[in-house]
Amino acid sequence: MTFTVSASTRPRLHGVDWALRSCSWHGHETYAPDEPELRTRLRVDTSAGEAWRCLRCANFVPGPPSGSGPADEAPEVPRGRLLRDRVIMRVLAVERLLRALVLFGAAFAIFQFRDDRGSVQSTFDAELPLLRPIADQIGWNIDDSKAVQWIEKAFDLSEATLVWIAVAVAVYGLSQVIEAVG
């Protein structure tokens with residue numbers, strides 16, 4: 001196992017030093033191997049006392065090491081592309097969870113729409129004429145609008161169809177949760 005990483009060869013991807021960012025979030029990962037040759041390469045004496053080289057960012061950190069033992073038992077510390085990829089995967093997992101929440105909300109709204117379809121349709125029919133002057137000013141033909149046609153078709157769907165649509169949306173939301181966790 002190699003412990004040396006030169007500070008000048010640390011990968012900087014798109015201006016971000018992922019190793020230093022990770023060390024600032026989680027702390028430095030220092031290790032004191034039992035092998036004397038490796039121990040001397042990872043330790044220096046400073047005016048503040050001993051300092052150990054971080055396995056992630058390769059900077060020397062004052063104080064005792066966070067772990068010690070044989071070099072084969074040293075922690076596997078991700079750095080470089082692997083570290084960046086882990087951060088990106090976590091961001092994508094959060095995005096999938098947010099998407100799942102939106103889909104579960106849509107499934108709930110479809111179930112509510114199924115029960116209150118009459119009142120929603122009467123409100124839609126009452127508000128649509130009020131939108132015509134605004135639509136005319138911006139040059140939008142509201143009568144030929146696909147969105148309005150889809151809404152009007154949704155009022156004609158049966159309760160069973162709405163239930164199946166809501167179930168399909170909920171299952172898709174569940175698949176997003178599985179992707180986020182997996």
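Trainee: How many aromatic pairs does the count come to here?
Mentor: In this predicted model, the count comes to 2 aromatic pairs.

Trainee: What is the geometry of Phe113 and Phe155?
Mentor: Their ring centres are 5.7 Å apart and the planes stand at 40 degrees, so this pair is tilted.

Trainee: And which helices does that pair link?
Mentor: Phe113 lies in helix α3 (residues 81–115) and Phe155 in helix α5 (residues 146–156); the two are 42 residues apart, so distant parts of the chain are linked. Both Phe113 and Phe155 are buried.

Trainee: What about Phe124 and Phe155, then: how are their rings placed?
Mentor: The centres are again 5.7 Å apart, with the planes at 55 degrees, so Phe124 and Phe155 are also a tilted pair. Phe124 belongs to helix α4 (residues 117–137), 31 residues from Phe155 in helix α5. Phe124 is buried, as is Phe155.

Trainee: Which residues form the aromatic cluster?
Mentor: Phe113, Phe124 and Phe155 form one cluster.

Trainee: Changing topic: which residues of the largest nonpolar core touch the most other members?
Mentor: That core has 13 residues, and those touching the most other members are Ile110, Phe124, Leu128, Ile142, Val148 and Val169. Two or more residues each come from α3, α4, α5 and α6 (159–181). The largest share, 4 residues, is given by α3.

Trainee: What is Ile142 in contact with, leaving aside its neighbours within four places in sequence?
Mentor: Ile142 is in contact with Leu128, Leu131, Arg132, Ala135 and Val148.

Trainee: And which residues does the second core include?
Mentor: The second core is separate and has 8 residues, including Cys54, Cys57, Val61 and Leu83.

Methods
Residues are numbered from 1 along each chain as its sequence is written. This is a predicted model: local features need pLDDT of at least 70, side-chain atom pairs count only at pLDDT 80 or more; totals for chains, interfaces and linings use all residues. Side-chain values use heavy atoms; hydrogens and water are left out. Rings of Phe, Tyr and Trp (its six-membered ring) pair if their centres lie within 6.5 Å; planes under 30 degrees apart count as stacked, over 60 as edge-to-face and the rest as tilted. Buried means under 20% relative accessible area, exposed over 50%, partly exposed in between (1.4 Å probe, protein chains only). A nonpolar core is a set of buried Ala, Val, Leu, Ile, Met, Phe, Trp, Tyr and Cys residues joined through side-chain atoms within 4.5 Å. Contact means heavy atoms within 4.5 Å.
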